[in-house]
Amino acid sequence: PAQFVPRQVSDLDLPEEVQQRAVELLEAGKREAVHSGKNPVGLAAAAIYAAGRLTNVEVTQHDVADVADVSAVTIRDRYTELLDAYEQSA
């Protein structure tokens, strides 16, 4: 999933800080096996949305979903899973 982050962040015109945090979230998700059987593009999109929230950068689920070509529901589902994994690994 991490390979999809730079392009999506660029397409959304978000700061580097969001990209770095998204990769951290994905790494935590991998450690907690959240990624298993999940769409990698959807996971990347959810990580970007979560990273935006954590870094106080305004980005909507809808905007991220459009760029990633996934549903907002996918982002919501993966978002909570990634945040839970991130908190557990912290």
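Author: Contact means heavy atoms within 4.5 Å. This is a predicted model, in which local features need pLDDT of at least 70, side-chain atom pairs count only at pLDDT 80 or more, and totals for chains, interfaces and linings use all residues. Residues are numbered from 1 along each chain as its sequence is written, and side-chain values use heavy atoms, with hydrogens and water left out.

Reader: How many helices and strands does the protein have?

Author: The protein has five helices and zero strands. Helices (H or I, at least four residues) and strands (E, at least two) are DSSP runs, numbered from the N terminus.

Reader: Which residues of α4 are buried?

Author: In α4, residues 61–68, the buried ones are Gln61, Val64, Ala65 and Ala68. They line one face of the helix, because they fall within an arc of 100° seen down its axis; the arc is that of the directions from the helix axis to the C-beta atoms. Buried means under 20% relative accessible area and exposed over 50%, with partly exposed in between (1.4 Å probe, protein chains only).

Reader: And what is exposed on the other side of α4?

Author: His62 and Asp66 are exposed there.

Reader: Which helices do the buried residues of α4 pack against?

Author: They pack against α1 (5–12), α3 (40–54) and α5 (72–89).

Reader: What follows α4?

Author: Asp69 follows, with a positive phi near 60°.
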